[in-house]
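Q: Could we go through this model together, a few regions at a time? Please spell out any cut-offs as we go.

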Amino acid sequence: MIKSLQALRGVFAFMIFLHHVPVFPAGGDWGVSFFLVISGFLLARRYSDDLEGGSFDHMAFVRRRVSRIYPLHWLCLFVFFAFFAHFSLDNGRLVMLFNILLLQSWVPSVNYYFSYYPEAWFLSVIVFCYALFPVVAKGVLKASSRRLAVWAVGVVTVYLAVVNALGSNWVLPLVYISPAFRCLDFIVGVVLYRLLCGRRIGALSTLGELAMLALMALFVLVYAYVPERYALASYWWVPSVILIAAFAADGHGTVSRLLSSRPMVAFGNMSFYFYMSHGLVLQAYNDFGGPATLWALIPGCFVASVLLAAVLERIVDGVMRIAVRARGAK
């Protein structure tokens, strides 16, 4: 595990939280893109030897990855219906079925992809990315550099042409939500690993890290002027790649040491559960009332989200242990 990259998961989960508060507009779009890019990068890093050696078990991989996502999703649905069902009971049975199966993001209708607790749309995307990973990663890792470059240029060109041609009503449901589009963020991470693997990455000094963070701040400032169809996803590919490449060496600069600290890594480890819990907490705040000031809202909802995330993680881990014992007993 690269500690600084793991901690960055927590940083971006917090950025998404700040986006939903809302005090940080760029946090949501960049946060989602970063999560997908780093997921592709870390999975390629973890399984590259198995993929290239032919020992990779596709079905076991998918089963292992989705076995936590669906129980977590169903648990969050249970929490939603327990506390908020009276706010949303008119979506219909088909919408509920698509949501339960994590297929809602394939339907370009807000009644589907943002049904019940909205954060679930991302799970629909990541499940598709996991299913796609073995095929994509094997192709990326085994392709020649020239062939990979040709494919990359071709795919990005087609993607940008399609995005540019979309009507404004289709931008959000396709560019931001649809797994068919968002899987490209994930593939960017796989390609990044291919570009970095086997190469020695020099760790940045403290000054280099601060310069890199200043560059990231510039991307955030420019974001407000970028057309929505690009700002929702592709605009963030470059800063995400730079950030991951910069901290992949797990250096010893001040920023790297801060990210590698125990609290930051611990929060990074629970970032996925925090992402799932924060929406429920903020919805409870909005529906049932709470402190009016941001100074009370942000720390209060953050702490509540962390606590709920810890509960969700413990429950899902408990369910997984029971399932593993049950399979072992057969």
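**Loops and backbone**

Q: Where is the place of Tyr116?
A: Tyr116 lies in the loop between α5 and α6, with helices (H or I, at least four residues) and strands (E, at least two) taken as DSSP runs and numbered from the N terminus. This is a predicted model, in which local features need pLDDT of at least 70 and side-chain atom pairs count only at pLDDT 80 or more, while totals for chains, interfaces and linings use all residues. Residues are numbered from 1 along each chain as its sequence is written, and side-chain values use heavy atoms, leaving out hydrogens and water.

Q: And what is phi of Tyr116?
A: Phi of Tyr116 is near 60°, a positive value in a residue other than glycine. Most residues other than glycine have a negative phi, and most peptide bonds are trans.

Q: Is Tyr116 buried or exposed?
A: Tyr116 is buried, with a relative accessible area of 7%; buried means under 20%, exposed over 50% and partly exposed in between, using a 1.4 Å probe and protein chains only.

Q: What about phi of Leu102?
A: Leu102 also has a phi near 60°, again positive in a residue other than glycine. Its place is the loop between α4 and α5 (110–113), and Leu102 is buried at 2% relative accessible area.

Q: Is the peptide bond from Val21 to Pro22 cis or trans?
A: The bond from Val21 to Pro22 is cis, with omega near 5°, and Pro22 belongs to the loop between α1 and α2 (25–53).

Q: Switching to helices, how far apart are the end C-alpha atoms of α9?
A: They are 26 Å apart, which agrees with the 26 Å that the 18 residues of α9 (residues 179–196) should span at 1.5 Å a residue; the expected span is 1.5 Å times one less than the number of residues.

Q: How many residues of α9 are buried?
A: Of its 18 residues, 15 are buried, so α9 is largely enclosed by the rest of the structure. The helix is followed by Gly198, whose phi is positive, near 80°.

Q: How many salt bridges does the count come to?
A: The count comes to two, where a salt bridge is a side-chain nitrogen of Lys or Arg within 4 Å of a carboxyl oxygen of Asp or Glu. One joins the side chains of Asp317 and Arg68 (2.4 Å, N to O), and this pair links distant parts of the chain, with Asp317 in helix α16 and Arg68 in helix α3 (residues 58–84), 249 residues apart. Arg68 is partly exposed, with a relative accessible area of 37%.

Q: And which side chain meets Arg182 in a salt bridge?
A: That is Asp185, at 3.0 Å, N to O. Asp185 and Arg182 are three residues apart in helix α9, so they are separated by about one helical turn, and both are buried.

Q: How many aromatic pairs turn up in a search of the whole structure?
A: The search finds 36, pairing rings of Phe, Tyr and Trp (its six-membered ring) whose centres lie within 6.5 Å, with planes under 30 degrees apart called stacked, over 60 edge-to-face and the rest tilted. One of them is Phe17 with Phe302, which is edge-to-face at 6.2 Å centre to centre and 65° between the planes. Phe17 is in helix α1 and Phe302 in helix α16 (residues 294–329), so the pair ties together parts that are 285 residues apart in sequence. Phe17 is buried at 0% relative accessible area, whereas Phe302 is partly exposed at 25%.

Q: What does the side chain of Ser4 reach?
A: It reaches the backbone oxygen of Phe247 at 2.9 Å. Ser4 is in helix α1 (residues 3–20) and is buried, with a relative accessible area of 0%.

Q: Last topic, which residues form the nonpolar patch on the surface?
A: Trp74, Leu94, Met96, Leu97, Ile100, Leu101, Leu103 and Trp106 form it, with about 690 Å² of accessible area together, areas coming from the Shrake-Rupley method with a 1.4 Å probe and only the protein chains shown counting as cover for residues. Patches take residues with over 30% relative accessible area and no salt bridge, joining like charges within 9 Å and nonpolar side chains (Val, Leu, Ile, Met, Phe, Trp, Tyr) within 5 Å. Helix α4 (residues 93–100) gives the most, with four residues; Ile100 is found in α4 and counts as partly exposed at 32% relative accessibility.

Terms used. A polar contact is a pair of N or O atoms within 3.5 Å; within protein, one must be able to donate a hydrogen and the other to accept it, and residues adjacent in sequence count only if both atoms are side-chain atoms.
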